[in-house]
Protein chains: 2
Amino acid sequence: MTELEQQIQGFLGLLKEISLLEETDALLGWDALTGMPEDSSEHRSEVTSYIAGLAFEKSVSKSMADYLAYLSQHQEELNSELKKMVEIVQKNYDLNHKIPQAEYQEFIKVISQADSSWRKARDAQDFTIFEPSLAKIIAFKKKFIEYWHKDEKTPYDVLLNQYEPGMTVEILDAVFTELREGIQEIVKKINENGTTPTTDFLSRYISIENQRAFSIKVIEKMGYRFTAGRLDDTTHPFMESMNRNDARITTRWDEHNFKMAVFGIIHEAGHGIYEQNIAERFDYTPLRGGVSMGIHESQSLFYEIVMGSDKNFWQDNYELLQSYSEGKLDDIDFETFYKGLHKTAPSLIRIEADTLTYPLHIIIRYEIEKLIFNEGVSVSDLPQIWNEKYQEYLGITPENDTVGILQDVHWSGGSFGYFPSYALGFMYAAQLQHSMAQELDLAAIYKTGNYEPIRQWLTDNIHQYGSLKEPNELIKNATGEPLNPRYLLALQDKIYQEVYHY
Amino acid sequence: MTELEQQIQGFLGLLKEISLLEETDALLGWDALTGMPEDSSEHRSEVTSYIAGLAFEKSVSKSMADYLAYLSQHQEELNSELKKMVEIVQKNYDLNHKIPQAEYQEFIKVISQADSSWRKARDAQDFTIFEPSLAKIIAFKKKFIEYWHKDEKTPYDVLLNQYEPGMTVEILDAVFTELREGIQEIVKKINENGTTPTTDFLSRYISIENQRAFSIKVIEKMGYRFTAGRLDDTTHPFMESMNRNDARITTRWDEHNFKMAVFGIIHEAGHGIYEQNIAERFDYTPLRGGVSMGIHESQSLFYEIVMGSDKNFWQDNYELLQSYSEGKLDDIDFETFYKGLHKTAPSLIRIEADTLTYPLHIIIRYEIEKLIFNEGVSVSDLPQIWNEKYQEYLGITPENDTVGILQDVHWSGGSFGYFPSYALGFMYAAQLQHSMAQELDLAAIYKTGNYEPIRQWLTDNIHQYGSLKEPNELIKNATGEPLNPRYLLALQDKIYQEVYHY
């Protein structure tokens with residue numbers, strides 16, 4: 001074995017150890033949010049902090065530094081996949097190496113305790129219970145930003161860039177303006193000339209059991225494999241992937257709102273399908289997961305918003321839904337049903353928002369995160385700011401913190417700069433469909449009930465690559481052009497025109 | 001800080017790391033048997049083998065050796081708890097240090113795969129599917145016995161001693177003879193003069209939902225805390241404790257055999273109650289878990305066999321059971337019900353066996369394990385030996401391997417020498433009750449429906465000590481004498497005389 005081969009082998013071995021620890025950490029996290037007994041949270045936070053600490057230790061170890069130094073000097077002798085691994089690990093090393101390990105472990109402990117205080121605050125509808133934890137998390141993040149900062153123009157850019165490489169406040173301010181104006185134009189047309197669809201049937205009782213059975217059938221058709229996944233109940237739905245053969249999803253239920261769970265499950269299944277179809281050869285390497293939050297959201301939103309808003313899709317599935325509704329939908333014809341899915345109205349809860357107004361929820365969070373990191377706003381002022389922005393953008397004010405600032409799990413997990421990914425995902429998803437429709441007869445596919453060609457197209461163009469290609473490269477290769485918000489606005493206009501007849 | 005204090009602090013820190021890894025490993029194991037998607041088993045076996053390997057590495061590390069060497073030389077300066085920790089860790093170090101690490105990791109991998117092949121073999125009712133895995137496990141264990149062997153008289157003694165310190169083939173041959181003869185005497189009395197109770201009502205349909213609700217109420221009364229535990233479904237029931245605040249139990253269900261799940265859940269809850277009540281100060285140390293398999297079984301069997309056979313207990317709970325049976329038990333009076341629980345008859349499945357014949361199932365397994373390790377019997381001959389022994393001791397032959405040699409999970413997990421613990425547990429449990437009854441008015445306690453004094457007695461005498469005291473010391477302190485099988489035989493005689501009127 002040459003020295004290069006030995007170095008590569010050692011490097012891959014160390015990456016595998018880190019992968020195994022991260023997979024363990026993922027299971028610990030999944031369990032803490034699904035089934036863990038409540039008295040165990042302190043013990044769990046010790047365990048999680050220890051395991052995450054081990055992974056961190058290895059990622060900033062002397063061995064890692066040595067491998068990176070050696071392999072960077074031999075870049076031209078590496079194949080493209082190894083080159084990419086070195087690049088990702090180097091970037092991660094630079095990020096992590098700047099945080100003292102004790103500080104990082106302390107942060108992980110705070111995160112674990114924050115989850116518990118966030119849940120208590122939700123139960124009590126009282127932000128102040130969560131406030132001290134959130135303040136600690138933000139203080140850590142601000143210190144981290146100082147450690148991480150390179151040539152980003154603003155502190156918040158540092159965080160954005162971590163979820164979507166190359167993303168900046170400058171770009172987002174522009175994109176979100178275009179998006180908001182486009183949405184506002186549609187909202188205006190609806191308000192002036194729209195015919196509001198009937199929606200009372202959406203609150204008819206459908207048992208959790210029936211909602212579950214229907215949702216499972218639908219996501220299996222979409223391509224989610226239960227032999228490599230499972231579905232559990234949580235307050236806030238998520239997908240957690242241990243590996244491509246274990247990508248678990250969760251949902252929450254409301255027996256008088258089947259739409260919430262059905263679309264929530266479809267959304268998380270979209271994330272799961274992405275992870276389940278990443279190339280096997282990336283196992284135990286940094287290429288084994290989805291490339292960015294924006295691309296991940298493009299997959300969940302493709303299924304939820306693009307497929308889930310397609311009339312042809314519902315023509316294939318409405319009878320199935322009826323069969324699981326114990327007669328509750330027998331008097332609702334297909335047109336009424338389809339239109340009822342797309343009533344648009346201002347709402348308080350992001351994950352319950354309609355397709356049209358959803359991006360406004362994101363823009364509010366984006367602006368608040370900018371205030372936190374670029375303007376130094378006080379944590380205790382956040383509930384009021386939150387409530388004022390909801391009043392300003394959506395014309396409604398949360399009646400308590402649980403349906404306001406406490407609704408999302410992200411901040412309690414230390415995720416800032418993540419929210420914009422949802423809006424990027426919307427735009428990517430619409431753009432991907434536009435391109436897919438050039439190659440596939442989507443209407444015909446929905447008619448057959450076999451959606452495999454759609455899953456295959458997404459696997460060919462997105463899934464299989466894992467983290468090998470950058471977001472903009474994937475989008476460019478798949479669609480022939482960079483990110484373009486007009487496909488989303490065109491899709492929205494098409495859907496809402498059909499429903500509201502404006 | 002003195003050098004001694006520094007050494008103690010370092011030692012406790014290392015023990016905590018090992019505890020955290022073991023807790024992680026426990027969760028990985030629990031998940032693999034409850035909810036893990038099937039496609040993930042290969043990935044999981046990599047993860048488990050890595051995490052268990054890390055714990056193993058630390059337990060045989062140079063640092064550990066140094067701490068042990070130092071602290072052994074300063075024994076007289078340690079308090080009794082630290083002294084015990086050093087003793088346990090030293091014993092464990094001696095056990096582990098003799099196995100090369102690569103070999104141990106390989107063993108863990110084989111174990112993980114064996115679980116999957118055991119389940120496949122069960123589905124196919126075909127031992128030969130499991131045979132290669134079992135042969136590998138036995139081969140490993142035989143090599144390990146050679147590494148471990150000190151002054152034990154036979155190879156199997158080496159394994160027995162690991163589950164119940166001080167236990168030998170010599171002792172067990174004698175105890176099991178006394179037990180078998182005593183049981184045979186009762187069986188003879190029953191066969192000659194007994195009146196067989198009515199049991200047809202036991203197979204009446206009771207929904208899983210109702211069985212679950214009843215069982216949960218009962219084990220909560222017994223003292224199992226769901227804030228520090230949960231109940232899941234598995235093929236083979238077990239209790240897995242991550243820590244004293246997270247002791248999870250599992251069961252299996254049969255809607256035409258409520259007795260199976262109810263008593264299975266009570267049994268596992270007994271294990272869970274033990275773990276939930278170990279002293280907090282033992283957290284993250286080797287004292288944090290139950291001391292031996294025999295003492296652990298004494299707790300599960302106390303609840304299942306001793307409390308669960310008590311007429312006063314059922315007088316308190318029969319109405320509750322009726323309320324969960326949708327009228328199915330309305331025509332069954334209390335006497336008929338109570339007697340029906342205690343029909344004795346030869347059966348194939350250990351965990352479904354009645355209280356009287358259960359020890360015979362153990363004796364069969366004990367004898368087969370002796371054959372494997374002391375006589376070198378061939379693995380391929382085991383199903384035939386199994387079947388012949390069932391014919392000889394119980395007068396029945398399994399119709400296939402799934403209800404025969406494949407019924408228990410233990411061997412697939414590498415646990416040999418474990419089974420005798422169940423019979424020790426029977427004897428300990430009966431002896432503990434005898435002593436408890438000197439101090440508590442058990443009949444009066446059952447009448448109140450508040451069993452807290454019983455749980456408290458067990459916590460005071462057994463639970464709280466974790467692994468601080470040896471089995472024989474615990475039994476001696478709690479009952480004033482060493483293990484004595486006559487309390488079990490007296491209990492059996494009392495129960496079956498009342499039921500069979502012999």
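This is a predicted model: local features need pLDDT of at least 70, side-chain atom pairs count only at pLDDT 80 or more; totals for chains, interfaces and linings use all residues.
Chain B can be laid on chain A with an RMSD of 0.0 Å, using a turn of 180° and a shift of 0.0 Å along the axis. The two copies are thus related as by a two-fold rotation axis. Among the residues of chain B, B:T24 comes closest to this axis, with its C-alpha at 3.9 Å. The same surface serves both copies, since 100% of the contact residues of chain B recur in chain A.

The interface itself comes next. The size of an interface is often given as the accessible area lost when the parts come together. Here, the area buried between chain B and chain A is about 3100 Å², and carbon and sulfur atoms give 56% of it. Three residues, B:P37, B:H43 and B:Y50, supply 21% of the area that chain B buries against chain A, more than any other three residues. In terms of residues, the contact takes 38 from chain B and 38 from chain A.

Between chain B and chain A, 20 residue pairs are in polar contact. On the side of chain B that touches chain A, the elements giving two or more residues are α1 (3-34), α2 (41-59) and β3 (246-251) of chain B. Of the contributors to that side, α1(B) gives the most, with 10 residues.

Side chains of opposite charge can pair when their charged atoms come close. Over all chains, the structure holds 62 salt bridges, and eight salt bridges are found across the interface of chain B and chain A. One salt bridge joins B:R248 to A:D31, with the closest N and O atoms 2.7 Å apart.

Other salt bridges lie within a single chain. In chain A, A:D66 pairs with A:K62, their closest N and O atoms being 2.8 Å apart. These two residues are four residues apart in helix α3 (residues 62-73) of chain A, so they are separated by about one helical turn. A:D66 is partly exposed, with a relative accessible area of 37%, while A:K62 counts as exposed at 62%.

A second example in chain A is the salt bridge between A:R244 and A:D283 (2.8 Å, N to O). A:R244 lies in the loop between β2 (239-243) and β3 (246-251) of chain A, and A:D283 in the loop between α10 (258-276) and α11 (293-306) of chain A, so the pair ties together parts that are 39 residues apart in sequence. A:R244 counts as buried at 15% relative accessibility, and A:D283 is buried at 18%.

In chain B, the side chains of B:E367 and B:K389 meet in a salt bridge of 3.0 Å, N to O. This pair links helix α14 (residues 358-375) with helix α15 (residues 382-394) of chain B, the two residues being 22 residues apart. Both B:E367 and B:K389 are buried.

B:S215 lies in helix α9 (residues 208-222) of chain B and is buried, with a relative accessible area of 2%. Beyond its sequence neighbours within four places, B:S215 is in contact with B:V262 and B:I265. In chain A, A:S435 is found in helix α16 (residues 420-439) and counts as buried at 9% relative accessibility. Leaving out residues up to four places away in sequence, A:S435 touches A:W457, A:A478 and A:T479.

How values were computed. Residues are numbered from 1 along each chain as its sequence is written. Chains are lettered from A and ligands numbered from 1 in the order in which they are written. Side-chain values use heavy atoms; hydrogens and water are left out. Contact means heavy atoms within 4.5 Å. Buried area is the accessible area (1.4 Å probe) that two parts lose on being put together, summed over both. A salt bridge is a side-chain nitrogen of Lys or Arg within 4 Å of a carboxyl oxygen of Asp or Glu. A polar contact is a pair of N or O atoms within 3.5 Å; within protein, one must be able to donate a hydrogen and the other to accept it, and residues adjacent in sequence count only if both atoms are side-chain atoms. Copies are superposed by least squares on the C-alpha atoms of residues with pLDDT of at least 70 in both. Buried means under 20% relative accessible area, exposed over 50%, partly exposed in between (1.4 Å probe, protein chains only).
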